Amino acid sequence: MGDIREPLRELTECGLPQALEVMGERWSFMILRASFNGLHHFEEFLSELGIARNILSNRLAKLVEHGILKRDPCPDDRRKIEYRLTEKGFDLLPAMVALRQWGQKYGHEVTENPVLVDERDRLPIGPTSILSHDGRILGPADLHLVERANLGVRADGTKAKPGKALECGSVIELEARRKGRDAA
């Protein structure tokens, strides 16, 4: 990934160790998956996941502490608590989908049912990809580490300008972009 390496011993200079500190164990991911599937109550998580009460309580508290879930009183019964995804929690969806796809690809005989589809066409979603700032699909050879001061400075010394950022629902012609990358 270029001439520069990340300081691998530095746990504070990279987002991965910080993310793993919050989400780095199975039950946190299972609770998050259940939240994406519409579960909101302690008892629902308990019965659906088959998790021990003390572990569930601990993991929910940690997810709330880190702002991934929020605790709110139920509107119809203020004695009950609901756990709802925050914006920070929803931002974990691409990571969850990527992990799910990886597990389906390399897991032992994983047959997805139900199938994750896009709402409009009800066809299976495509593989999760790494996209450039302007929507190009990137592979391992396209990734490099640079010092922050050198952002936008190309290998030949010219300065790049940011392209139009993609927004949710943007259409990317994956096959055309792959062909363009393979031809380059």
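1. Let's start with Asp121, which counts as partly exposed because its relative accessibility is 39%. For these words, buried means under 20% relative accessible area, exposed means over 50%, and partly exposed is in between, using a 1.4 Å probe and protein chains only. Asp121 forms a salt bridge with Arg120, with the closest N and O atoms 3.1 Å apart. A salt bridge here is a side-chain nitrogen of Lys or Arg within 4 Å of a carboxyl oxygen of Asp or Glu. Arg120 is exposed, at a relative accessible area of 69%.

2. A word on what you are looking at. This is a predicted model, in which local features need pLDDT of at least 70 and side-chain atom pairs count only at pLDDT 80 or more, while totals for chains, interfaces and linings use all residues. Residues are numbered from 1 along each chain as its sequence is written, and side-chain values use heavy atoms, with hydrogens and water left out.

3. Now look for another salt bridge, between Glu119 and Arg122, where the closest N and O atoms are 3.1 Å apart. Glu119 counts as exposed, at 60% relative accessibility, and Arg122 counts as exposed too, at 55%. A search of the whole structure finds 9 salt bridges.

4. Which residue forms a salt bridge with Glu25? The partner is Arg59, and the closest N and O atoms are 2.8 Å apart. Arg59 lies in helix α4 and Glu25 in the loop between α1 and α2, so this pair ties together parts that are 34 residues apart in sequence. Arg59 counts as buried at 19% relative accessibility, whereas Glu25 counts as partly exposed at 24%.

5. Stepping back to the fold, the protein has 7 helices and 4 strands. From the N terminus on, the elements run α-α-α-α-β-β-α-α-β-β-α. Helices (H or I, at least four residues) and strands (E, at least two) are DSSP runs, numbered from the N terminus.

6. What does Leu49 touch, not counting residues up to four places away in sequence? The list is Trp27, Met30, Ile31, Ala34 and Glu44. A contact means heavy atoms within 4.5 Å. Trp27 also has Arg26 over its face, at 5.1 Å from the ring centre. That label needs NZ of Lys or CZ of Arg within 6 Å of the ring centre and within 35 degrees of the ring normal.

7. Finally, some aromatic rings to find. Rings of Phe, Tyr and Trp (its six-membered ring) pair if their centres lie within 6.5 Å; planes under 30 degrees apart count as stacked, over 60 as edge-to-face and the rest as tilted. By this rule there are 3 aromatic pairs. The rings of Trp102 and Tyr106 have centres 5.6 Å apart and planes at 45°, so the pair is tilted. Trp102 and Tyr106 are 4 residues apart in helix α6 (residues 93-106), so about one helical turn separates them. Both Trp102 and Tyr106 are exposed.
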